[in-house]
Amino acid sequence: MKRLPHRNRALLCALTLMVALLPACKKKEEAPAPATPAAPQPAPAPQAAPVQKQHSSAQAQGGGQGDFKARRDPFKPFLEAQPQKPAEQQGETLRPKGDELPIQSFEVSKFRVTGIIAGIKENRALLVDPQGKPYVVQVGMVVGNHQGRITRITPSSVEVVERYRDEAGHVKKRTIVLTLAKKR
C-alpha cells in the first residue's frame with residue numbers, strides 16, 4: 001500500500017470528519033403534538049434517606065449560614081502591634097544599649113574627620129573612630145553614643161547635633177563640630 005503525503009492525509013481526515021458530522025447538523029422538525037387534556041401527574045416517589053448524614057462546617061462552628069461574628073478575621077495579625085511613643089517622651093535613648101551599631105559606641109568628640117567627599121547632590125564625610133575603623137557618613141545618620149545626628153557637612157567640617165535632657169527634664173540641643181584635619 002502506498003503512503004499518502006502528509007498534506008493529503010490531513011485533507012482526507014478533515015473530509016471524513018465533515019462527512020460524519022454533516023447529518024448531525026440537520027435540524028429535525030417534529031410535527032406539533034395534538035392537544036390533549038392535561039392528565040394529573042403521578043406523585044414523585046419518595047427519595048431514600050441518604051446513607052450518611054451531611055454536615056455543614058458553617059453550622060457546626062456556631063451560628064447560621066450568615067453569622068460570622070464568632071469567627072476570627074483571617075487577615076488580622078495574631079498579635080496587635082502596640083504604638084510606641086517617641087524616644088524623647090519616654091525619656092530613653094533612640095536605641096537600647098544592647099542594640100547599638102559600632103559607630104554609636106564612642107563619643108562624637110572622639111571621632112576624627114579624615115576626608116570629605118563633595119558630591120553633586122550632597123556631601124559625604126569619612127570619619128575614623130578611636131580604634132581606627134573608618135565610616136562613610138552623610139547628613140541624617142546617627143553618630144555617637146548619645147544618638148547625635150549629622151546635620152551638615154561642609155567642605156571643612158561635619159556638624160553633629162545631640163539631644164539630651166537636663167536636670168529639669170527639658171530637652172536641650174548640643175552642636176558638636178568636627179573639623180577636617182589639616183595637611184602637613
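**Aromatic rings, sheet and surface**

Tutor: Y135 is buried, with a relative accessible area of 12%. Buried means under 20% relative accessible area, exposed over 50%, and partly exposed in between, with a 1.4 Å probe and protein chains only. This is a predicted model: local features need pLDDT of at least 70 and side-chain atom pairs count only at pLDDT 80 or more, whereas totals for chains, interfaces and linings use all residues. Residues are numbered from 1 along each chain as its sequence is written, and side-chain values use heavy atoms, with hydrogens and water left out.

Student: How many helices and strands does the protein have?

Tutor: Helices (H or I, at least four residues) and strands (E, at least two) are DSSP runs, numbered from the N terminus. The protein has 3 helices and 7 strands, in the pattern α-α-α-β-β-β-β-β-β-β along the sequence. Of its 184 residues, 18% count as buried.

Student: How is a pair of aromatic rings described?

Tutor: The description consists of the distance of the centres and the angle of the planes. Rings of Phe, Tyr and Trp (its six-membered ring) pair if their centres lie within 6.5 Å; planes under 30 degrees apart count as stacked, over 60 as edge-to-face and the rest as tilted. A search of the whole structure finds 2 aromatic pairs. In the pair of F106 and F111, the centres are 6.3 Å apart and the planes at 85°, an edge-to-face arrangement. The rings of F111 and Y135 have centres 6.5 Å apart and planes at 70°, so this pair is edge-to-face.

Student: Which parts does the pair of F111 and Y135 tie together?

Tutor: F111 lies in the loop between α3 (87-90) and β1, and Y135 in strand β3, so the pair ties together parts that are 24 residues apart in sequence. F106, F111 and Y135 form one aromatic cluster. Both F106 and F111 are buried, F111 with a relative accessible area of 4%.

Student: What is the strand order of the open sheet?

Tutor: Two strands pair if DSSP finds at least two bridges between them. The open sheet has 3 strands in the order β1-β2-β3, with antiparallel pairing. β1 (112-117) and β3 (134-138) stand at the edges, each with a single partner strand, so one side of each is left without a neighbour in the sheet.

Student: Which residues stand opposite each other in these strands?

Tutor: β1 and β2 pair in the antiparallel sense over 5 bridges, and the bridge partner of I117 is R124 in β2. The two strands form a hairpin with 6 residues between them. Strand β2 (residues 124-128) is also joined to β3 by 5 bridges, again antiparallel, and A125 stands opposite V137 in β3.

Student: Where does Q147 lie, and is this residue buried or exposed?

Tutor: Q147 lies in the loop between β4 (142-143) and β5 (148-153). At 8% relative accessibility, Q147 counts as buried. Its phi is near 50°, a positive value in a residue other than glycine.
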